[in-house]
Amino acid sequence: MSIKDLIFLTAAYLSVAFSANIYATNLFVPAYFHPSDSRTLDYWDGLAASAQIVPTTAILNPDNGFGTSVDPGYVTAIDQVHAAGGKVIAYVFTSYGDRPLIDIAIEIDNYIAFYAIDGFFIDEMASDGTDENIMYYEQIYNYIKNKSSHYSVTGAPGVVPDEIYLSKPVADNLVVFEDSMRNYVKFKPAQWQQNYPKERFIHIVYNATWHQMIQAFSQTGTNYVGSLYVTDDSFPNPYDSLPQYRELEVEVAAVAPNKEQKIFIYAEQLFPQYFPPANGGNQQLDGFIYRYYPTTNAYIGIKNGDVFVVGDAFGPSIGRIDTIENTLQLLESAAGS
């Protein structure tokens, strides 16, 4: 599926979202790749396409921060994301409270002078509530807000910190998980997080399969998270590319899948020879919710709790597969194997 195809699917995804009584999750993407690099040439196009479908924030990080001078390639990329309705925030590291504040202030000023940003990503943030650390990050927060109250400040301790980081505040929202999928399955939100809207919490997960990505988005309620990013990339830099399943992630973020939606997604991913993901939109007829795949002249549909297929590879008569629950269990088992 090309970026142009992804843009054309916007209306289809949104119609599904409004008709299926399901909710969306914001995407929060560490975009640590250059817009002019031949290996990643279409990635910023992809971020712009994503922003047309689901709220998307990209982290701008030219050279572990601002770098030494303005980069015209990033200027164009930021404009592209903004035109699509997305946001771009600027990367600033803090060495867990050890980086000199004057260096941080200079970097913030450089970003503001040369790039049309929406806020700042304060990385390597401490997580304990000592007076020294809170004062340090409060000064950064106030410095940014004094530049413009419209700038957002995202703190990134990567773990759930002391509540004072939001109650003070020293950040508008927090990355409270940044780690591998292997560790994400053990994540549990802290009780104090319930004192704030879940939109103020962000998770970043790497080294995840497409199946694990779907599971992560299915658990945003349990994990109490409003913005999420999952990638199959891994160390040494899990953010120097977009995931191979990036179009699927946009669909899942825009339309957090219920059981019916999962049937379609798993069928498309596991059996592309029958169900190549061509249209991405659900249709309805005679009580069926279905998808049609013109390349293979195949249909997969759901009605009254059962799953059916019909088409060239399955014959001219509608064939029942099984119940939704049994079919989904089989598909999930196959995806996880």
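1. K259 is partly exposed, with a relative accessible area of 42%; in this note buried means under 20% relative accessible area, exposed over 50%, and partly exposed in between (1.4 Å probe, protein chains only). The side chain of K259 forms a salt bridge with that of E325, at 3.5 Å from N to O. A salt bridge is here a side-chain nitrogen of Lys or Arg within 4 Å of a carboxyl oxygen of Asp or Glu. E325 is in helix α13 (residues 324-336) and K259 in helix α12, so the pair ties together parts that are 66 residues apart in sequence. E325, at 45% relative accessibility, also counts as partly exposed. Helices (H or I, at least four residues) and strands (E, at least two) are DSSP runs, numbered from the N terminus.

2. On the basis of the note: this is a predicted model, in which local features need pLDDT of at least 70 and side-chain atom pairs count only at pLDDT 80 or more, while totals for chains, interfaces and linings use all residues. Residues are numbered from 1 along each chain as its sequence is written, and side-chain values use heavy atoms, with hydrogens and water left out.

3. The domain assignment divides the chain into domain 1 (26-254) and domain 2 (259-336); such bounds come from an automatic or database domain assignment. Between the C-alpha centres of domain 1 and domain 2 the distance is 36 Å. Domain 1 contributes 8 residues to the contact and domain 2 contributes 11 residues, where contact means heavy atoms within 4.5 Å.

4. About 730 Å² is buried between domain 1 and domain 2, and 62% of it is on carbon and sulfur atoms. Buried area is the accessible area (1.4 Å probe) that two parts lose on being put together, summed over both. Of the area that domain 1 buries against domain 2, W210, H211 and E251 supply 62%, more than any other three residues.

5. The rule finds 1 salt bridge across the interface of domain 1 and domain 2. R291 and E251 meet through their side chains in a salt bridge of 3.0 Å, N to O. On the side of domain 1 that touches domain 2, α9 (210-218) and α11 (246-254) each supply at least two residues. The largest share of that side, 5 residues, comes from α9. The interface also holds 3 residue pairs in polar contact, both residues at pLDDT 80 or more. A polar contact is a pair of N or O atoms within 3.5 Å; within protein, one must be able to donate a hydrogen and the other to accept it, and residues adjacent in sequence count only if both atoms are side-chain atoms.

6. Leaving out residues up to four places away in sequence, K262 touches I214, Q215, S218, P257, L328 and E332.

7. The whole structure contains 11 salt bridges. Among them is the pair R320 and D306, whose side chains meet at 3.3 Å, N to O. This pair links distant parts of the chain, with R320 in strand β13 (residues 315-323) and D306 in strand β12 (residues 306-311), 14 residues apart. R320 is partly exposed at 46% relative accessible area, whereas D306 is buried at 18% relative accessibility. Salt bridges with shared partners join E251, E268 and R291 into one network.

8. D37 and R39 form a further salt bridge, with their closest N and O atoms 3.1 Å apart. D37 is partly exposed at 24% relative accessibility, and R39 is exposed at 61% relative accessible area.

9. The largest nonpolar core has 98 residues, and W44, Y111 and F120 have the most contacts inside it. At least three residues of this core come from each of domain 1 (26-254) and domain 2 (259-336). A nonpolar core is a set of buried Ala, Val, Leu, Ile, Met, Phe, Trp, Tyr and Cys residues joined through side-chain atoms within 4.5 Å. With neighbours within four places in sequence set aside, W44 is in contact with A31, F33, H34, P35, A58, Y74, A77, Q80, V81 and V88.

10. T130 is found in the loop between β4 (119-123) and α6 (131-147) and is partly exposed at 38% relative accessibility. T130 and I164 are 34 residues apart in sequence, and their C-alpha atoms are 9.7 Å apart in space.
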